Amino acid sequence: MTEDLGVFEDETLRFQTRISTRSGLGDETYLPRGITSTPPNLSLKEARVEAESVMFGAVDDLFSKTGVKPRDIDILIVNCSLFNPTPSLSSMIVNHYKLRTDIKSYNLGGMGCSAGLISIDLAKDLLRANPNTCAVVHETGSGPSISWSTPFEPTKDQMIKTTNVFIRERMMKGNIGVSLARELMAVAGDALKTNITTMGPLVLPLSEQFMFFVTLLRRKLLKSRVKPYIPDFKLAFEHFCIHAGGRAVLDELQKNLQLSDWHMEPSRMSLHRFGNTSSSSLWYELAYTEAKGRVVGGDRVWQIAFGSGFKCNSAVWKALREIPTGESKGNPWNDSIDRYPVKVPVA
């Protein structure tokens with residue numbers, strides 16, 4: 001960009017056009033007012049206004065849909081990938097809704113796009129430790145869950161590469177940004193393998209478990225050069241919600257997990273319609289599946305999230321009943337679901 005004229009050079013425009021075309025994003029994705037303002041207003045005050053608008057709108061919808069009253073809430077968990085102000089985001093909700101003074105309030109920050117599932121895991125543990133209580137997580141789903149988080153623990157020779165692959169830092173000319181290293185996909189692959197090894201025995205049929213561990217033993221003990229066995233997770237789950245961090249991430253996971261375009265549709269359409277919404281992307285994807293009327297009683301959903309650290313987290317949900325199309329008035333897809341799926345251009 002030429003500083004004297006304030007316009008983009010042709011080479012820069014061609015690069016941005018190419019990246020935009022290949023991103024998998026549609027024309028309805030949203031950017032905060034602070035970014036779209038001229039000039040951009042990247043201030044703490046503007047970030048707070050944006051956070052309040054999003055959080056209070058979501059909580060209002062939750063109260064309206066469920067009939068839960070502010071005084072009924074015993075536990076509040078709020079997470080945000082990067083924005084971590086003081087007072088905290090959870091304090092903003094406590095003060096706005098005049099929640100009880102004895103509420104157990106937790107604010108999770110700096111965990112990147114995996115924060116949502118970590119919040120669900122925390123809520124599960126807190127509800128077990130405090131029976132007959134009501135918990136609100138500022139990213140919500142429905143139905144009973146078995147959830148777990150598996151942070152990827154790197155070996156010493158991987159430590160530097162792993163901890164610096166996703167980091168918020170001061171960039172050129174003093175601007176603050178998020179740096180994604182080129183090793184990201186390799187590190188994500190390692191984290192996913194660790195997660196699968198932990199989760200597989202809990203969800204996979206015995207036949208798939210046997211093949212996975214036989215291959216693992218051959219590679220580890222016999223030093224055989226056989227390819228890692230990727231279990232057929234379609235035998236364990238009917239639906240997949242994979243963090244829509246970008247087209248390349250979805251392409252790689254579809255290939256590695258051997259998923260069909262139908263299985264990837266909620267993730268790709270969420271990326272196209274809403275962009276990379278960080279840790280909340282998994283809930284847009286689950287909402288897409290429900291809005292399409294695909295969820296029937298007994299169906300299992302696997303949510304996979306990646307985040308800074310580097311972390312790979314999973315949550316498994318089982319539907320107690322069928323979710324009729326249009327049942328949820330607060331579903332973000334209600335006004336556009338009939339237009340999807342759409343063909344996403346690939347450059």
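Let's start with helix α5. Its buried residues are A115, G116, L117, I118, S119, I120, D121, A123, K124 and L126. Buried means under 20% relative accessible area, exposed over 50%, partly exposed in between, with a 1.4 Å probe and protein chains only. Helices are DSSP runs of H or I, at least four residues; strands are runs of E, at least two; both are numbered from the N terminus.

A word on the source. This is a predicted model: local features need pLDDT of at least 70, side-chain atom pairs count only at pLDDT 80 or more, and totals for chains, interfaces and linings use all residues. Residues are numbered from 1 along each chain as its sequence is written, and side-chain values use heavy atoms, with hydrogens and water left out.

Now the rings. The whole structure holds 13 aromatic pairs. Rings of Phe, Tyr and Trp (its six-membered ring) pair if their centres lie within 6.5 Å; planes under 30 degrees apart are stacked, over 60 edge-to-face, the rest tilted.

Take F233 and F237. They are stacked, 6.3 Å centre to centre, with 10° between the planes. Both F233 and F237 are buried.

Next, Y288 and W333. Their centres are 4.8 Å apart and their planes at 80°, so this pair is edge-to-face. Y288 sits in helix α11 (residues 281-291) and W333 in the segment after β9 (311-318), so the pair ties together parts 45 residues apart in sequence. Y288 is buried, at 0% relative accessible area. W333 is buried too, at 0% relative accessibility.

Which residues do ring pairs link into a cluster? F274, Y284, Y288, W333 and Y340.
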